[in-house]
Amino acid sequence: AGRLAGKLCFVTAAGQGIGRATALAFAAEGGTVIATDRDAGKLAGLAAHGIETHALDVLDDAAVEAAIAAAGMLDVLFNCAGIVHQNTALTCTEAEWDLAFALNVRAMWRTMRAVLPGMLERGRGSVINMASAAGSIKGAPNRFVYGTTKAAVIGMTKAVAADTVARGVRCNCLCPGTIDTPSLGERVAANAAAAGSVEAARGAFVARQAMGRLGTAEEIASLAVYLAADESAFVTGQAMVIDGGWTL
Ligand code: NAD
């Protein structure tokens with residue numbers, strides 16, 4: 001049996017990148033996985049791995065409540081959905097601020113609010129939130145509202161952990177450095193003009209990583225598996241940095 005045998009796991013933003021790699025890793029470890037994403041088309045290949053898939057926009061509060069109610073008693077919630085704006089305090093728009101907080105922070109509260117009663121009732125469960133090394137751990141240039149929201153995710157994670165620690169439920173967050181995912185490709189493309197070329201823009205992201213390479217979605221998924229599994233039973237309220245030495 002795998003490390004997640006018998007566990008029912010719910011993943012948001014599982015269509016690509018870290019969410020997808022984690023849904024696959026959870027399933028490979030024997031977990032029963034419900035993978036969701038705003039874009040149902042991106043979930044198509046997951047069914048072949050025995051994963052149940054549903055379209056879910058985490059900004060739709062009613063849809064989130066319905067999806068979690070339909071899922072049954074969850075053992076693991078992985079809140080992966082998030083958006084990376086590239087801005088400063090001077091260039092951030094009101095719309096970017098509102099979307100970043102709605103998606104990166106408020107939506108995670110909503111899913112936790114829907115999942116925690118069942119976990120507390122049964123006295124077990126693991127919530128994993130997606131934060132970032134960029135935010136309160138490290139200030140990153142041009143990540144104003146992103147870093148602000150990811151700092152909030154760490155605070156929210158610790159607050160939930162403090163309220164659930166004596167009741168069998170754990171809540172931790174992941175703080176990755178720069179990970180090679182489709183949305184990183186979009187950020188590279190957006191920076192290409194300023195950097196001189198796509199290669200130079202990508203090189204600037206690689207140069208941030210002390211190891212001289214980007215992380216992979218599978219490396220982040222491995223940490224998510226650990227936090228989801230009972231082997232991490234003594235770990236709660238932690239901001240787990242996995243960043244190739246960026247914050248070293
Ligand atoms: P990504 O950004 O490439 O993909 C994001 C996925 O989220 C897409 O499949 C998209 O359809 C989905 N999505 C977007 N809005 C949604 C919504 N409202 N509801 C449901 N799904 C929605 O994936 P990624 O780069 O692996 O990022 C995933 C998470 O990891 C984000 O929270 C991001 O902030 C965080 N993160 C990424 C990096 C990195 O370098 N890639 C580093 C640290 C943290």
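**Reading the predicted model**

A: Of the 30 residues around the ligand, those that come nearest are Ala13, Gly15, Gly17, Gly82 and Ser183, where a residue is near a molecule if its C-beta atom, placed from the backbone, lies within 6 Å of it. Two or more residues of this shell come from each of helix 1 (17-28) and helix 5 (182-195), helices being DSSP runs of H or I with at least four residues and strands runs of E with at least two, numbered from the N terminus. This is a predicted model, in which local features need pLDDT of at least 70 and side-chain atom pairs count only at pLDDT 80 or more, while totals for chains, interfaces and linings use all residues. Residues are numbered from 1 along each chain as its sequence is written.

Q: What is the make-up of the shell around the ligand by class?
A: The shell has 15 nonpolar, 10 polar and 5 charged residues, with Ala, Val, Leu, Ile, Met, Phe, Trp, Tyr, Cys and Pro counted as nonpolar, Asp, Glu, Lys and Arg as charged, and the others, Gly among them, as polar.

Q: At what angle do helix 5 and helix 6 pack, and how far apart are their axes?
A: Helix 5 and helix 6 (residues 198-208) pack at about 120 degrees with their axes 7 Å apart, the axes being lines fitted to C-alpha atoms over the stretch in contact and the angles running from 0 to 180 degrees between N-to-C directions. The residues of this contact divide into 10 nonpolar, 1 polar and 1 charged.

Q: Why does the radius of gyration of the protein chain agree with a compact globule?
A: For 248 residues a compact globule would have a radius of gyration near 18 Å, and the protein chain has 17 Å, which agrees; the radius is taken over C-alpha atoms, and the globule rule is 2.2 Å times the number of residues to the power 0.38.
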